[in-house]
Amino acid sequence: MNGKWPAADATGSTIGRRGFLVGSGALLLATACSGDDGGSASSPSTTLHTARLSGDPFTLGVASGDPTPGSMILWTRLAPQPLAADSPGGMPDDLVDVRWQIATDDAFAAVVNEGVATADPDYGHSLHVEAGGLDPAATYFYRFTVGDFTSATGRTRTLPEEGASLDRLTLAVANCQWYESGTFAAYRHLAEEDLDLVVHLGDYIYEYAAGTGARQSAPAHEIVTLPDYRLRYASYKVDPDLQAAHHAHPFLCTWDDHEVANNYLGDTVPEGAVPVEQFPERKAAAYRAWWENIPTRLPAPDSDQLDVFQAFTFGDLARLELLDQRQYADVAPCRDVVADDYGDCAERTEEDRTRLGADQEAWFAETVGQGDVTWDLVGNPVVLAGIDAGTGDEPAFYLDTWDGYPDARVRFIAAMAEADNPVVLTGDYHAGMVLDVNDRPFEAGASLVAPEFMAPPISSVLFDADVSARTPQLRQQLNAHGYLTVTAEPDRLTATFRVLDDVTDARTAITTAATWQVDAGDPTPREV
Ligand SMILES: [Fe+2]
């Protein structure tokens, strides 16, 4: 583990050994310092990093993520003026010490670990505290304090021990939350679900100019620089429904394209606000801002590279492989000749094209199907089974999906087929779908390897077109906003499509549009 975040006392042995001074007026004091070198536990008694804050610094809420059986990443980012244009979050350019606590009760009567972490302006005053000394498969509550200000309380849950018997795992799959195209009402409902965790498959923000609609993020222009990306995240994260979801459940996150720029692949974007030679610099800014705003255990990036693919194991029941399908991918085929991203071309079927990159592809092949778990949940940001949106005799592949990488897709599915019970969880398409992942998509006589459940978008504009004419592997399409819940049990897995009545209404209701099940040992999904 690379320690870029402030250290925690993994043993909890410092509990009760330090006091806490409360600042007077606007002068905010914390009692202890901790190195931000990630290597040392916080030490008591010395006040070092204080600052004058212009108000409550916890306007962006709190979050937790990337659990292990014994620890959790606790996140916040100080921003007394979250939409300030001249300084990130309206913060002074100083280090600030922040106290954190994690307890077994929401009244914090039974604190099991606490410490002081230092928020650094170089990282947008974000905190990624590793709170250790926790029990496996246990629920905890956490909060942060600076002077007179205390954050909202977050609830979180650790992983079970690897190999431990587990009867049930319930998660939600979220993706595609374009602020301008709808409310985050789905997150208000997701916060109320009985979940172990949330998987986010990307498009946490959109980089577009804010437009002139009813909801407008900041800044108004397409985001390009690090201050732009930081401000865009802040304008999303002040949303109370998004905060409610983070406060209720831990998140496990990967990214898709809009965390950087629409349809970027590797070092290319089809079009954009900066010349292509400036794209690596833009990507580095986007990756840094993503890291600052996500409750991730990963080390902070200092370039245009950050490996976000990782796996999580849930006792003996399931494993989740979270993938990155943008950073290492070859550019989509025929981008210079195919209008409107759709089409077909000879370059599409050239061998040796890569979607995952060599390292991630090898990692996935080694990870999937290894060890004694019943279910392999493949967190796959972009649709795998294939969608031909054409009509009549003309195919129309969306070449930014795996349909632009058919050779790499066959290799990927072959690796996945080594698992006992792979289940693909997908985002990106702005629809809910159930598809069959066949070993050779679109070929007659191909064999079913896994079901693919595509989560509806939280708020992004719906795809809406009917693709059933030339996509025989499609079992269901739901043109609605919402999210997916997935419950894994030893003998079956249940996927439930939760959809909103009206995404433009923050108070809208949610209903179950469809429920599908898969039995262990048989990849055929059936609607129940
Ligand atoms: Fe999206």
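Guide: The secondary structure of the protein amounts to 6 helices and 26 strands, where helices (H or I, at least four residues) and strands (E, at least two) are DSSP runs numbered from the N terminus. This is a predicted model, in which local features need pLDDT of at least 70 and side-chain atom pairs count only at pLDDT 80 or more, while totals for chains, interfaces and linings use all residues. Residues are numbered from 1 along each chain as its sequence is written, and side-chain values use heavy atoms, with hydrogens and water left out.

Of the 528 residues, 62% count as buried; buried means under 20% relative accessible area, exposed over 50%, and partly exposed in between, with a 1.4 Å probe and protein chains only. Among contacts (heavy atoms within 4.5 Å) between residues at least 6 apart in sequence, 71% join residues at least 24 apart.

Now the metal site. The iron ion has four protein donors, Cys176 (SG), Asp203 (OD), Tyr206 (OH) and His430 (NE2), at 2.1 to 2.4 Å. Donors are N, O and S atoms within 2.8 Å of the metal (3.2 Å for Na, K and Ca); water is not among the atoms, so sites may look incomplete. The spacing of the donor residues in sequence is C-x26-D-x2-Y-x223-H. Cys176 sits in the loop between strand S11 (169-174) and helix H1 (185-192), and Asp203 in the loop between strand S12 (197-200) and helix H2 (226-237), so this pair ties together parts 27 residues apart in sequence. Cys176 and Asp203 are both buried.

What is the geometry of the site of the iron ion? The angles among its 4 donor atoms run from 88 to 168 degrees, and the site is irregular. Four donors count as tetrahedral if all angles lie between 85 and 135 degrees; four count as square planar and six as octahedral if opposite donors are over 155 degrees apart and all others between 65 and 115; anything else is irregular.

Two other residues give further views of the fold. Ala329 belongs to the loop between strand S15 (318-322) and strand S16 (342-343), and counts as buried because its relative accessibility is 6%. Leu356 is 27 residues from Ala329 in sequence, yet their C-alpha atoms are 5.7 Å apart. Leaving out residues up to four places away in sequence, Ala329 touches Leu265, Gly266, Thr354, Arg355 and Tyr405.

Asp376 is part of strand S17 (residues 375-380) and is buried, at 1% relative accessibility. With the residues up to four places away in sequence not counted, Asp376 has contacts that include Arg319, Glu321 and Asn421.
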